[in-house]
Amino acid sequence: MSNIFKRDVEGIPTIKITIFGPSLAGKTSLLTIYSILKKVESPDQVYSELKKIEDPTGRTALFDQSVFTLPRGQGTSLPLMRYALYSVAGQDRYRETRKVVLKGTDGLMVMLDPHNNQWQSNIDSLKELMALKGEELTSGRLPWLLVVNKIDIPIEERKTTKDFFDLMVEVGLVSNHSEAFNKYTEMSCMDAKNDLLAMPRKKDWKEHLDSSGRLKRESRPDSVLKAARPIEMLTRLVIEHKIKLIRASNQ
Ligand SMILES: Nc1nc2c(ncn2[C@@H]2O[C@H](COP(=O)(O)OP(=O)(O)O)[C@@H](O)[C@H]2O)c(=O)[nH]1
Ligand SMILES: [Mg+2]
């Protein structure tokens, strides 16, 4: 495995994924939903429950973190691995903590807020990110995806997909709309949370459980699929990227 995969205190190769974005975008919400989902679907893969470091008002003060074991795919030769999910504290005053949380990150999820009155905070956040990690992101050295949350907000109160593509080009994250399209997803943590919490109240609830009482993966509501997919895609991108590095270093 070489040292391309970092190892945790138990010596298990662990990849670090960080969610970066402005305050209130929904970063903590996404980690919360993902943790609930894993707990009901695959409790054996929850290595460390969600830890939140909050200030007295309930805002993220340093980071949130949870750690999961990677499911072993059929026929893969990958050893036991873990992925640690972090989200940064988005408020301006925590700028210095964000640098620390970003250290050693293997994959980056940018999470933005489409609400009209949050537009400037998206711009500030992306500019900060470009100053810190721009070179790694645009060169392909750091795998990343961009997620716009809160797509449940009425269209007249939020920015459009095109606005976000334009912004991605403007800050230099991508060079054109087709590149932006390949990195971009929209979702709603609120819809995902509501749909997930409504499931046990459904008449056919039992049909969604396997023989051990776990939620079947194919029973994920569409909103939950959309919320979990970027994390799962990014985890895959990071592993593929690292495997390429290992192959290159063995040649
Ligand atoms: N309408 C809507 N509100 C959301 C959504 N996700 C999160 N929120 C709300 O946005 C606020 C900030 O969420 P939080 O997860 O703490 O954001 P963070 O600062 O990025 O960690 C909270 O009031 C959430 O309830 C969503 O998908 N839709
Ligand atoms: Mg937060």
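Reply: Here is a walk from the ligand to the helices and then to the sheet.

Some housekeeping: this is a predicted model, in which local features need pLDDT of at least 70 and side-chain atom pairs count only at pLDDT 80 or more, while totals for chains, interfaces and linings use all residues. Residues are numbered from 1 along each chain as its sequence is written, and chains are lettered from A and ligands numbered from 1 in the order in which they are written.

Let's begin at ligand 1, which has 16 residues around it. A residue belongs here if its C-beta atom, placed from the backbone, lies within 6 Å of the molecule. The closest are Gly26, Lys27, Thr28, Ser29 and Met190. Sorted by class, the shell holds five nonpolar, eight polar and three charged residues. (Nonpolar covers Ala, Val, Leu, Ile, Met, Phe, Trp, Tyr, Cys and Pro; charged covers Asp, Glu, Lys and Arg; the others, Gly among them, are polar.)

Two helices, α1 (27-41) and α6 (189-198), each bring at least two residues to that shell, and α1 gives the most, with three. The helices here are DSSP runs of H or I with at least four residues, the strands are E runs of at least two, and both are numbered from the N terminus.

How do α1 and α6 sit against each other? They pack at about 25°, with their axes 10 Å apart. Axes are lines fitted to C-alpha atoms, for helices over the stretch in contact, and angles run from 0 to 180 degrees between N-to-C directions. That angle makes α1 roughly parallel to α6; the label is for angles under 35 degrees, with over 145 being roughly antiparallel, 65 to 115 roughly perpendicular and the rest oblique. Ser29, Leu30, Ile33, Ile36 and Leu37 of α1 meet Cys189, Ala192, Lys193 and Leu196 of α6. (Contact is counted when two C-beta atoms, placed from the backbone, lie within 7 Å.) Those residues split into seven nonpolar, one polar and one charged.

Now bring in α7 (residues 222-250), which packs on α6 at about 125°, with the axes 8 Å apart. That makes α6 oblique to α7. On the α6 side the contact uses Cys189, Asp191, Ala192, Asp195 and Leu196, and on the α7 side Ser223, Val224 and Ala227. By class, that is five nonpolar, one polar and two charged residues.

Helix α7 also meets α1: their axes come within 10 Å and cross at roughly 100°, so α1 and α7 are roughly perpendicular to each other. Leu30, Ile33, Tyr34 and Leu37 of α1 touch Val224, Ala227, Ala228 and Ile231 of α7. This contact has eight nonpolar, no polar and no charged residues.

Lys52 stands opposite Asp64 in β3, and Lys51 is opposite Gln65. The two strands form a hairpin with five residues between them, and Gly58 in the turn has a positive phi of about 90°.

Key. Pairing = 2+ DSSP bridges.
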